[in-house]
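Colleague: Before we discuss the assignments, please show me the model and tell me how its terms are defined.

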Amino acid sequence: MDLNSFFENEVKPSLGCTEIGAAAYAAAAAARHLREPAEKILLRMSIPIYKNGVSVGIPGISGLRGIGLAAALGAVGGDPDKGLAALSETSDRHLDSAKAFFEQGRVTEIVEKEAPDVWLEATLFSRSHTSVCTISHRHDAIVRIAVDGQDVYLEDENSPTPADDQLNILKRLDFASLWNQAMAIDSSLEETLLEGVTMNIEAARQGGGISDGLDYQDSPRPAGSQNDLGRAISQAAAAASLFRMRGGRLPVMSSAGSGNHGITAIVPLALVARDLNCTGRSLAQAVALSHLVCGYLKAYMGRLTPTCGCAVAAGAGAAAGIVHLHQGTAAQAESAVATFVAALLGMICDGAKESCALKVGAASFEAYICAMLALENEGLKATQGLVPARLPELGRMLEALNGRVFSETNRGIVDLLMEQASLERRRQPDA
């Protein structure tokens, strides 16, 4: 497995909700090829993209939310060269134009219920021309740009990519192999992983979850109870997520395509490392293991899932990383992963919004508790209910759970979200 390729594709900075970023990116790319100012936008998207984008805050715009407005802002002021951070340099002037564009009803949103999980298409109409940008399979993967019906860029969205190849290799590994890969990271990757720690801890600080820069090389804090540290972990991770979901204009390091996954995978490890006075090398190895476990489980579960990946996948990775920071064994870390999944199996994803912070906080606390159980050789030791104790079987179970048992869950959730949105509109004074 090419470790550097895996981290390049799966662990990268993300500004705001990934679905918001994808809509803005697609609209900005389409706008670049349009020969006149856009007058209308048609935004078509998959069920999971709509679910995660309908209620979440837009980066840097206090109180404003939603994937349609994000697309309008991307069209009038986004920079497609910045990918998922296309909105990072938009101005108040751009915001005023986008709000007017959206409030005049010039953005149409359609949910394509048969589309692949990660799929979005922005079509921009000017007075005389049209421009289309399609994203598929990954949030930052443009597969088609067409102007006036003529393709100017086209990829086969069904053909495997190098990133897909790496995930397929990852799925064939056992836990010991993941552990060994994480322990063998080179100095360059170590530096990159620690930059991710700094980014996500800063988001926690901006969100009010911690009161300092939390340098993992600081002298340790006075010893407290496990519950004290667990609560601190939960508070910091939840604060980082809440800051992001409200539209905080600060990138976080993502994991498996999600900023909230990255917060859950990283923030608990930073607090434990500080508490134990771990070296930067040890923390980087723990973070690498956390990302690898998260990526492994997501490779089985799917990119956008009916169950909460911030909990089931990223929290499991954090539990494994915490075991490493305590100088535990690979077997104990694998036990922590299975114990964690048994604890939070079935947590539903009902879209990205502020209350995701509650799930991120709960998952981060549970990751710490499950790691402590594993270090005492407690926790899951054999299959209980649906949850196997070993990683390959665990991945296959999660794949079946999300693909078979919950196959209609996303559709039902989106139907309910649309019903609630309709009720809210009818409650408005001007409705």
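**Pairing and salt bridges**

Modeller: Strand β2 (residues 40-45) and β3 pair in the parallel sense over five bridges. The model is predicted: local features need pLDDT of at least 70, side-chain atom pairs count only at pLDDT 80 or more, and totals for chains, interfaces and linings use all residues. Residues are numbered from 1 along each chain as its sequence is written, and side-chain values use heavy atoms, with hydrogens and water left out.

Colleague: Why are β2 and β3 said to pair?

Modeller: Two strands pair if DSSP finds at least two bridges between them; β2 and β3 have five bridges, so they count as paired. Strands are DSSP runs of E, at least two residues long, and helices are runs of H or I, at least four, numbered from the N terminus.

Colleague: What makes the contact of Glu10 and Arg138 a salt bridge?

Modeller: The term requires a side-chain nitrogen of Lys or Arg within 4 Å of a carboxyl oxygen of Asp or Glu. Here the N to O distance is 2.7 Å, so the pair qualifies. Glu10 lies in helix α1 (residues 3-10) and Arg138 in the loop between β5 (130-136) and β6 (142-147), 128 residues apart.

Colleague: Is Glu10 called buried or exposed, and why?

Modeller: Buried means under 20% relative accessible area, exposed over 50%, partly exposed in between (1.4 Å probe, protein chains only). Glu10 has 3%, so it is buried.

Colleague: Why is Arg44 called partly exposed?

Modeller: Its relative accessibility is 23%, so Arg44 falls in the intermediate class. Arg44 forms a salt bridge with Glu121 (2.6 Å, N to O).
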